[in-house]
Amino acid sequence: ARPTVWVSQPLIDAAIVPLRDRVQLRTTDTVTAWSPQQIAAQLADVDGAIITLNERIGAAQVADAAQLQVIANVGVGYNNLDVDALSAAGILASNTPDVLTETTADLGFALLMATARRITESERWLREGQWGQWSFQTMLGADIHGSTLGILGMGRIGQGIARRGAHGFGMKVLYHNRSRLPADVEAALGATYVGLDTLLAQSDHLLTVLPYSAASHHIIDAAALAKMKPSATLVNIARGGIVDELALADALANGRLAAAGLDVYEGEPNVRPELLALRNIVLTPHIGSASLATRTAMVQMAVDNLLAGLGLDGSPSHMPS
Ligand code: DGY
């Protein structure tokens with residue numbers, strides 16, 4: 001019999017349809033907030049699953065999943081998966097790196113520019129009818145070109161942002177990462193390695209682009225924010241838990257940080273009222289990789305990983321290590 005595969009959310013049909021010849025698919029037409037118990041029930045009788053960051057999967061979700069061989073996560077971040085519990089259960093897990101790098105770096109830059117140049121704040125003000133007469137003093141923001149860009153987390157996406165900053169905007173690029181990049185890579189990017197405290201103190205704009213884990217939880221907390229310039233901007237495109245949102249809201253409300261741009265939140269899809277109340281913040285709904293081409297490529301990669309994991313095609317690739 002053909003293997004059975006659960007696809008947890010509506011994805012990109014064109015990339016899913018070819019699977020119909022190979023496996024028996026269980027799909028859904030509507031975006032669904034699956035409960036932990038519902039996820040366990042869905043996984044109980046399938047051989048594979050294609051899932052998104054909405055589905056948190058650990059030991060409890062796979063306890064009854066006797067046939068489950070592979071979980072293909074459509075996304076590069078996989079903190080929604082308890083990879084240790086899955087390996088203990090003999091289940092392969094995969095993610096979708098590389099294909100979304102440039103699109104997500106684009107969004108990081110878009111959010112940086114919107115934040116520093118007060119784009120959404122300006123638009124709200126205009127739409128509210130507050131633009132009486134052109135004024136020299138309206139919506140003064142911070143320069144991007146020639147400023148110091150700090151990047152926390154220098155993986156694929158961080159490097160994409162570094163290239164944009166150094167080569168496109170003439171920025172001085174500083175970065176901090178668990179490990180330092182080889183000198184030739186640093187030189188090609190135009191990026192300089194510094195300690196975390198130096199990064200916080202010297203950045204005019206700081207972008208957080210690191211994986212979320214216990215080690216990176218609230219790495220940007222009140223103490224870290226206090227080390228930043230009051231004129232600085234902070235942009236988070238990684239995972240919400242990287243930033244202590246209440247400490248951030250407090251810094252933004254009290255002039256200890258100029259502005260912030262967030263694409264990710266601690267309690268998605270809920271956004272804290274303390275953030276929503278602020279004028280000097282740009283908020284987007286986790287759209288880092290959301291171009292049609294990239295979302296299609298992500299699903300195609302997840303499909304390839306799934307087929308490889310089911311032993312139907314090629315060899316498994318892109319398994320998180
Ligand atoms: C990712 O790829 O990690 C994005 O956050 C979407 O899942």
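Student: What joins the side chains of Ser94 and Asn305?

Tutor: A polar contact of 3.4 Å. Keep in mind that this is a predicted model.

Student: Where does Ser94 lie?

Tutor: Ser94 is in strand β5.

Student: Is Ser94 buried or exposed?

Tutor: Buried. Its relative accessibility is 1%, and the cut-off for buried is under 20%.

Student: Switching to the ligand. Which residues surround it?

Tutor: Leu53, Val74, Gly75, Val76, Gly77, Leu100, Arg239 and His286. By class, that shell has four nonpolar, three polar and one charged residues.

Student: Which polar side-chain atom lies 2.8 Å from an oxygen atom of the ligand?

Tutor: One from Arg239. The side chain of His286 also has an N or O atom 2.6 Å from a ligand oxygen. Gly77 contributes through its backbone: an N or O atom there lies 2.8 Å from an oxygen of the ligand.

Student: How much of the ligand's accessible area does the protein cover?

Tutor: The ligand has 230 Å² on its own, and the protein covers 87% of that.

Student: Now charges. How many salt bridges does the count come to?

Tutor: The count is 14. As a general point, side chains of opposite charge can pair when their charged atoms come close.

Student: What about Asp98 and Arg156, how do their side chains meet?

Tutor: In a salt bridge, with N to O at 3.9 Å. That is inside the cut-off of within 4 Å, so the pair counts.

Student: How accessible is each, starting with Glu102?

Tutor: Glu102 has a relative accessible area of 37%, so it is partly exposed. Arg164 is buried, at 18%.

Student: Which residue forms a salt bridge with Glu121?

Tutor: Arg279. The closest N and O atoms are 2.8 Å apart. Arg279 is in the loop between α12 and β12, and Glu121 is in helix α6. They are 158 residues apart.

Student: Is Glu121 buried or exposed?

Tutor: Buried, with a relative accessible area of 10%.

Student: Last topic, the surface. Which residues form a nonpolar patch there?

Tutor: Leu126, Trp131, Trp134 and Phe136. Together they have about 570 Å² of accessible area.

Student: Where does Trp134 lie?

Tutor: In the loop between α6 and β6.

Student: Why does Trp134 count as exposed?

Tutor: Because its relative accessibility is 60%, and exposed means over 50%.

Note on methods: Residues numbered from 1 in each chain as written. Predicted model: local features only at pLDDT ≥ 70, side-chain atom pairs only at ≥ 80, totals over all residues. Heavy atoms only, no water. Buried < 20%, exposed > 50% of the residue type's maximum accessible area, 1.4 Å probe, protein only. Helix = DSSP H or I, 4+ residues; strand = E, 2+ residues; numbered from the N terminus. Near = heavy atom within 4 Å. Polar contact = N/O pair within 3.5 Å; in protein donor to acceptor, adjacent residues only side chain to side chain. Areas by Shrake-Rupley, 256 points an atom, 1.4 Å probe, with all protein chains shown as cover. Nonpolar A, V, L, I, M, F, W, Y, C, P; charged D, E, K, R; others polar. Patch = residues over 30% accessible without salt bridge, like charges linked within 9 Å, V, L, I, M, F, W, Y side chains within 5 Å.
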